[in-house]
Structures are given as C-alpha cells and as structure tokens.
Amino acid sequence: MFDSRHIRHAFGRAADGYSAAAGLQAEVESWLLESLMYLDDTVPATVLDLGAGPGNASVAMRRRWPKARVVAMDLALPMLQRIDRRGGGGLATGLGLRRGIDRVCADAAALPLADGSVDVLFSNLCLQWVEDLPAALAGFRRVLRPGGLLLVSTFGHDTLHELRAAFGTADEAPHVSPFVTISDFGDALMHSGFRDPVIDRDLLMRGYDDLPALMRELRAMGATNALASRRRTLTGRARFARAAEAYEPLRAGNGQLPASWEVITAMAWAPEPGAPIRLGGEEVISFPASGIPIRRRR
C-alpha cells in the first residue's frame with residue numbers, strides 16, 4: 001500500500017522545519033506523555049520512542065528518567081540527526097556520550113531489538129504509515145517485556161475526510177491515505193495479545209485559509225501522499241482547481257476551510273511470556289472491540 005522510500009524521503013526533507021509545522025503532533029504527544037503517570041514510581045530500564053522524529057518525546061522521557069536508556073528510532077535519518085543525545089534539546093552535539101539518547105534508523109514494521117528488551121514503547125502518530133497494523137503490534141509485543149507499557153497514537157478513519165472528498169471530485173487517483181477505524185484498531189490490539197487496553201478518541205478541527213495552505217502544512221510536516229498507487233505526476237492545475245472548488249462550500253463561519261483529524265490514542269500492557277494470540281486459527285480469548293473502554297476528551 002505504501003511507498004516506504006517516499007515516506008523516508010518526505011520526512012527527511014521535512015526534518016529542518018518539522019517541529020515548527022507539527023503543532024498537532026506536539027499536542028497529541030503531550031497527551032501520551034501525561035499517561036506515563038500510570039507507571040507511578042517505576043523507573044524503566046529501557047524506553048523506546050518509535051517514530052521519534054526530532055526527538056521531543058525522547059528528550060522529555062530522558063529528563064523524566066535520567067537513569068533509563070532511551071532509544072529514539074525513526075525511518076528518516078535526518079530526523080534523528082536533530083536530536084541532542086544529552087537530552088537537552090537542540091541539535092546533536094556529539095556522538096561519544098556515554099549516557100543519553102541512542103538513535104536508531106529503522107522501520108517500525110521490523111524492529112531490530114531483542115525479545116523482551118523494552119519496558120516502555122512510546123509511539124506518537126507513526127502507525128498510520130504502517131501497512132500491516134496487526135503485524136506491527138505483534139512486533140511491539142515481542143520487544144516489550146512482560147508487563148511492559150505500550151503507549152501509541154495514530155490517525156483514525158475520519159481524518160482529512162474533507163480533503164479526500166474534494167480530490168475525489170477531481171480525479172480517481174487516491175490523494176489521502178486510508179486510516180484505521182477505531183474498532184479495527186481495538187481488534188488488532190486484542191488479537192496481538194495486549195492486556196487491559198484503554199482507547200481514547202478525539203476529533204480535532206483545524207482551519208485553513210485555502211486548499212494550498214493546507215497542502216503546504218502537510219508537506220512541511222512530511223505528511224505527503226505516500227500511497228504506492230498515487231499519481232506519479234504533479235496534480236495539474238485543472239484538477240487542483242476542481243478540488244479547491246469542491247472544498248469551498250465547507251468554508252466555516254470563521255472564513256476558514258475545515259480539516260478534521262481523528263486521533264486515536266491507546267494504552268495497553270504486554271502479556272506474560274507464552275500468552276497465546278491464536279490457536280488453530282481461532283482466538284483463544286474472544287474480546288469484542290466494543291468492550292474496550294473508549295474515552296473522549298471532546
């Protein structure tokens with residue numbers, strides 16, 4: 001579904017200005033960081049910040065747990081190169097520091113980590129770029145120690161539905177990625193064997209002066225069209241104009257075009273060793289997604 005090379009290139013290109021452009025990502029990241037209070041006074045030995053970007057969460061967790069090993073992992077190397085290994089913010093200033101933030105350039109779908117080697121797996125708005133969500137979650141379970149904490153967020157099905165519909169009137173090529181439904185996300189968590197999951201759903205609205213303004217922001221934070229089936233040529237002026245015309249009737253009372261962002265955040269715990277996921281094609285434990293507590297902030 002996704003072109004991983006395009007994703008790597010888009011986020012690498014966005015690295016310099018990402019922190020300034022990604023206000024929504026920073027807001028969701030703060031929600032996840034607040035959930036670390038559920039660890040009480042526990043000090044994890046190893047923390048993984050997956051899809052770390054420029055490492056703001058890595059730095060925050062390094063400050064929270066100065067004795068923990070913090071691993072920042074991202075698909076785009078230029079993002080990792082902007083992390084200060086000392087946990088003090090700013091650009092990287094040395095590679096020989098004994099303690100700090102370890103940086104690993106790797107794919108979330110193929111974690112190069114040992115089984116049971118991570119105490120906290122933190123991932124903010126990364127999973128929407130993963131093609132096989134159940135396989136990725138199975139990988140998260142593999143690297144988490146029993147009782148380890150999973151804290152993740154992703155975009156849900158209603159994200160950018162206005163943009164998708166507007167471009168749908170212009171041509172048949174896909175312009176916006178498909179996003180997971182909250183029920184499918186909950187099912188994937190349970191089928192991967194995670195315990196006591198709690199899911200939050202939030203629908204955030206952002207306003208833009210026009211369609212080009214929205215597209216510029218998406219590009220600035222690396223969120224460009226990475227579908228393998230995307231049109232490989234530039235969107236022509238006529239198609240773009242048709243999309244802009246279709247978007248225009250949605251202009252709100254404040255004079256701006258709305259863009260929806262459905263944010264799914266989840267907290268769950270890794271099971272004990274040997275806990276089965278499936279047996280003979282049947283689920284050993286059947287737990288409907290409707291049974292998972294879903295909280296809404298707004």
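1. D49 stands opposite F122 in β4. That contact belongs to the pairing of strand β1 (residues 46-50) with β4, a parallel arrangement joined by 4 bridges. Bear in mind as you read on that this is a predicted model.

2. β4 also has a partner in strand β5 (residues 144-155), again in the parallel sense, with 5 bridges. Here V118 is the residue facing L144 in β5. As for cover, 6 of the 6 residues of β4 (residues 118-123) are buried.

3. On to the rings: the model has 3 aromatic pairs. One of them is F155 with W261, a tilted pair with 5.0 Å from centre to centre and 50° between the planes. It ties together distant parts of the chain, since F155 sits in strand β5 and W261 in strand β7 (residues 257-269), 106 residues apart. Both F155 and W261 are buried.

4. Then there is F167 with F240: the centres are 6.1 Å apart and the planes lie at 65°, so this pair counts as edge-to-face. This one is also a link between distant parts of the chain, from F167 in helix α7 (residues 161-168) to F240 in helix α10 (residues 237-247), 73 residues apart. F167 is buried at 3% relative accessible area, while F240, at 23%, counts as partly exposed.

5. One last thing to look at: F155, F179 and W261 are linked into a cluster by ring pairs.

Key: Residues numbered from 1 in each chain as written. Predicted model: local features only at pLDDT ≥ 70, side-chain atom pairs only at ≥ 80, totals over all residues. Heavy atoms only, no water. Buried < 20%, exposed > 50% of the residue type's maximum accessible area, 1.4 Å probe, protein only. Helix = DSSP H or I, 4+ residues; strand = E, 2+ residues; numbered from the N terminus. Pairing = 2+ DSSP bridges. Phe/Tyr/Trp six-rings, centres within 6.5 Å; stacked < 30°, edge-to-face > 60°.
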